[in-house]
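Subject: Structure handover

Hello,

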Amino acid sequence: MAELKTKPTTVSADTFIKSIDDEGRRKDCKDLVAMMTKATKAKPVMFGPAIIGFGDWEYTGSNGKTNKWFQVGFSPRKAALSLYLMGGKDKALLAKLGKVKVSGTDMAAGCIYIKQLDDIDRPTLQKLIDGSVKNLRKVAKK
């Protein structure tokens with residue numbers, strides 16, 4: 001089985017965000033950094049060229065190998081902000097979030113796609129992020 005291609009880098013998340021052309025997207029990224037830092041109490045780390053992750057999480061892949069990943073993260077894609085909540089997504093909170101798309105058929109898998117943060121309820125998003133981190137940490141302790 002192949003190793004993970006997307007790994008932590010030494011590139012500064014702040015430098016990456018400053019390189020984003022669209023001013024609104026840059027602001028949304030700065031807001032997401034604040035929200036995810038609040039939830040994890042961790043500094044942002046670049047994973048590959050375009051994912052910003054927060055907090056450490058180790059999991060065992062299907063190949064039996066331990067991988068290092070982040071607890072929560074996001075990527076400012078052109079079409080939407082892709083949010084990765086590794087501890088799952090609360091279905092009731094998702095319903096209150098606003099204009100989003102969700103991939104994956106299960107609340108523990110997939111991403112949340114948000115065009116812009118003005119489309120959603122930010123306090124609800126903070127609760128989703130906080131809950132995901134809490135769930136992941138609970139599972140990691142077992």
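The notes below cover the nonpolar cores, the aromatic pairs and one serine.

Please keep in mind that this is a predicted model.

Nonpolar cores

The largest nonpolar core holds 30 residues. Those that touch the most other members are Leu32, Ile52, Phe74, Leu83, Ile112, Leu125 and Ile129. Two or more residues each come from helices H1 (13-18), H2 (23-40), H3 (91-97) and H4 (122-141), and also from strands S2 (51-60), S3 (66-76), S4 (81-85) and S6 (112-114). H2 gives the largest share, six residues.

As background, nonpolar side chains in soluble globular proteins tend to be buried together.

Setting aside neighbours within four places in sequence, Ile112 is in contact with Leu81, Ser82, Leu83, Leu85, Lys89, Leu94, Leu97, Val100, Lys101 and Leu128.

Aromatic pairs

The count of aromatic pairs is five. One of them joins Phe47 and Trp69, edge-to-face, with 5.2 Å from centre to centre and 70° between the planes. Phe47 is in strand S1 (residues 44-47) and Trp69 is in strand S3, so this pair ties together parts that lie 22 residues apart in sequence. Phe47 has a relative accessibility of 5% and therefore counts as buried. Trp69 is buried as well, with a relative accessible area of 15%, which is under the 20% cut-off.

Phe54 and Phe74 form a stacked pair, because their planes are at 20° and their ring centres are 6.5 Å apart. Here the parts tied together are 20 residues apart in sequence, since Phe54 lies in strand S2 and Phe74 in strand S3. Phe54 is buried, at a relative accessible area of 0%, and Phe74 is buried at 0%.

There is also an aromatic cluster made up of Phe47, Trp69, Phe70 and Tyr84.

Ser132

Apart from neighbours within four places in sequence, Ser132 is in contact with Val72, Leu85, Met86, Gly87 and Gly88.

Regards

Conventions. Residues numbered from 1 in each chain as written. Predicted model: local features only at pLDDT ≥ 70, side-chain atom pairs only at ≥ 80, totals over all residues. Heavy atoms only, no water. Core = buried A, V, L, I, M, F, W, Y, C linked by side-chain atoms within 4.5 Å. Buried < 20%, exposed > 50% of the residue type's maximum accessible area, 1.4 Å probe, protein only. Helix = DSSP H or I, 4+ residues; strand = E, 2+ residues; numbered from the N terminus. Contact = heavy atoms within 4.5 Å. Phe/Tyr/Trp six-rings, centres within 6.5 Å; stacked < 30°, edge-to-face > 60°.
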